[in-house]
Amino acid sequence: MDAPSPVPPAPAVPAALPGEHAERLRAALHGDLLIPGDDGWDAARQAWQVRVDQRPAAVVVAADADDVVTTVRAARELGLRVAPQSTGHAAGTIPSLAGTILLRTWRLDEVTIDAAAGTARVGAGALWGDVAARAAEHGLAAVAGMSSTVGVAGLLLGGGLGWLARSHGLGASSLVSIDVVDALGRTLTVDAEHHGDLFWAAHGGSAPVVVTAVQIRLHPVAQLSAGALMWPVDRAADVAHAWREWSAGLPDTVTSLVRVLRYPPIPDIPEALRGRSFVAVEAAVQADPSSAAALLQPLRALGPALDSVRPMSPAELGTVHGDPPRPSPAYGAAVVLAEITPESVDALLGAALSAPAAPLLSIELRQLGGALTPGRADGGAVAAVDGAGLVYAVGIVPVPEALEPVRAAAAAVTGALRPYASGTVVKNFAETPAPASTLYGDQVDRLRRVVTAWDPDRMISTGHPID
């Protein structure tokens, strides 16, 4: 292993950034430093997951990679930790920000496409929507998540499940190289040939560094149709079981899911959906329009009330799942199914359609398999998902007192499916710190060795920390 050796111990962690040190750090930065009481403090510390109240010792909004180096070195000198964060979709997975500089990377948002090489260089603060749009200009697609507003680095470090997952695997599998700043404040380019153990760990595992940019492979997707078919929720059993039978024979070039949706009666929701409940099938089909239509015919024969499936660019895939375009307070829970069977679908429907599930906005069952199957991919700490389907139940928490009903409803759904679970936990869908053994299985000891070699003091604070 080629980690720095030995890594000197960090000083004891203070509760806050001392004033004179704050001024010295502020003067050294090209970007901004904010401490409690500064104008803009609340906006700087707010995560996308607004239900999480982040209270770090200070916030640095980095303007460039040099600011990351400066911040890490200053934090080490002062005995503070550093928590890198772009959007903060997974803010709840960091146990504490006490004695920590929250390092916001959203200004590191470069996106450079090398069409000839089929790659993109992407800053750690870029969003997947920006990458997908730039790649599509060259007839290429990124293996992104289902939301266009998620940060690139965070999704990749968590593995990354999206509309191209069954054909192209996890987003992390498309990593070519990573530019990082380590716990000593050194800048490194990490790939399969340089610092290989760290590169392996960054593939959906735990990377004890601050990522400043990534290089990823892009993929040609010649033709694509995607969208949703929706029926009134009283058709849920017919539709869900029809989807189960239909999806069992799909090629890897189709990724789909079935979900129960309860739209609240609020102005933000389109009038046709507002205050109503549906069962929906969403799909992305990599095929020409006539072939996609033929594939979808068994579902269309069920007479959907709404049908938005159409030919589209890969850049538009971020609109299909309908994730919120702005920061929102939400709570969700997930479980991976070993198999998608009549019994597991019945259990899902029984829980999703019950009265206790009423606080939930969405309960979905996403088909896995294809390129996500263990043994189909390698080269990373997390290269596959051991299971046939992912169930995710989520609700909006507009006020604190709404949290417990939503949490109880999500737990009831996932609990009903435990008898059918594979035991796998998908990192991007674990919203609170999860035990490393459940995230990484038999890779956890190797990951722990990598983390300890590069950052023995755990100065770089990441979600789902490995002790």
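Predicted model: local features only at pLDDT ≥ 70, side-chain atom pairs only at ≥ 80, totals over all residues.
Q: Which residues of α11 are buried, and what makes them lie on the same side of the helix?
A: Buried means under 20% relative accessible area, and in α11 this applies to Leu-403, Val-406, Ala-409, Ala-410, Val-413 and Thr-414. They cover an arc of only 140° around the axis, which puts them on the same side of α11. An α-helix has 3.6 residues a turn, so residues three or four places apart point the same way.

Q: What do the buried residues of α11 pack against?
A: Contact requires heavy atoms within 4.5 Å, and the buried residues of α11 pack against the strands β17 (330-337), β18 (362-367) and β19 (389-396), as well as against helix α10 (342-352).

Q: Why is β18 called mostly covered?
A: Six of the six residues of β18 are buried, each being under 20% relative accessible area. In a regular strand the side chains alternate between the two faces of the sheet. In β18, Ser-362, Glu-364 and Arg-366 are buried on one side, and Ile-363, Leu-365 and Gln-367 are buried on the other, which means that both faces are covered.

Q: What makes β13 and β19 partners of β18?
A: Two strands pair if there are at least two bridges between them; strand β13 (residues 254-262) is joined to β18 by five bridges and β19 by six, so both are counted as partners. Both pairings are antiparallel. The bridge partner of Arg-259 is Glu-364 in β18, while that of Leu-365 is Val-391 in β19.

Q: Why is β10 described as largely enclosed by the rest of the structure?
A: Strand β10 (residues 210-217) has eight residues, and six of them are buried, so the strand is largely enclosed. Strand β6 (residues 119-123) pairs with β10 in the antiparallel sense over five bridges, with Ala-120 opposite Ile-216. Strand β8 (residues 175-181) also pairs with β10 in the antiparallel sense, over six bridges, and there Val-180 stands opposite Val-211.

Q: Which residues have the most contacts inside the largest nonpolar core?
A: This core has 60 residues, and those with the most contacts inside it are Val-122, Trp-128, Leu-161, Val-214 and Ile-216. Apart from it lies another core, of 45 residues, among them Trp-246, Leu-250, Ala-283 and Val-309. Leaving aside neighbours within four places in sequence, Trp-128 is in contact with residues including Ala-142, Val-150, Leu-155, Leu-156 and Ile-216.

Q: What makes β1 and β3 the edge strands of their sheet?
A: The sheet is open and has four strands in the order β1-β2-β4-β3, with mixed pairing. Strands β1 (32-34) and β3 (81-85) each pair on one side only, and are the edge strands. Neighbouring strands of this sheet are turned by 20° against each other on average, direction ignored. Strands β1 and β2 (residues 58-61) pair in the antiparallel sense over three bridges, and the bridge partner of Leu-34 is Val-59 in β2.

Q: Where does helix α1 lie?
A: Helix α1 (residues 19-28) lies across β1, β2 and β4 (100-104), and runs at about 160° to β1.

Methods
Residues numbered from 1 in each chain as written. Heavy atoms only, no water. Buried < 20%, exposed > 50% of the residue type's maximum accessible area, 1.4 Å probe, protein only. Helix = DSSP H or I, 4+ residues; strand = E, 2+ residues; numbered from the N terminus. Arc of directions from axis to C-beta. Core = buried A, V, L, I, M, F, W, Y, C linked by side-chain atoms within 4.5 Å. Axes fitted to C-alpha atoms, helices over the stretch in contact; angles between N-to-C directions.
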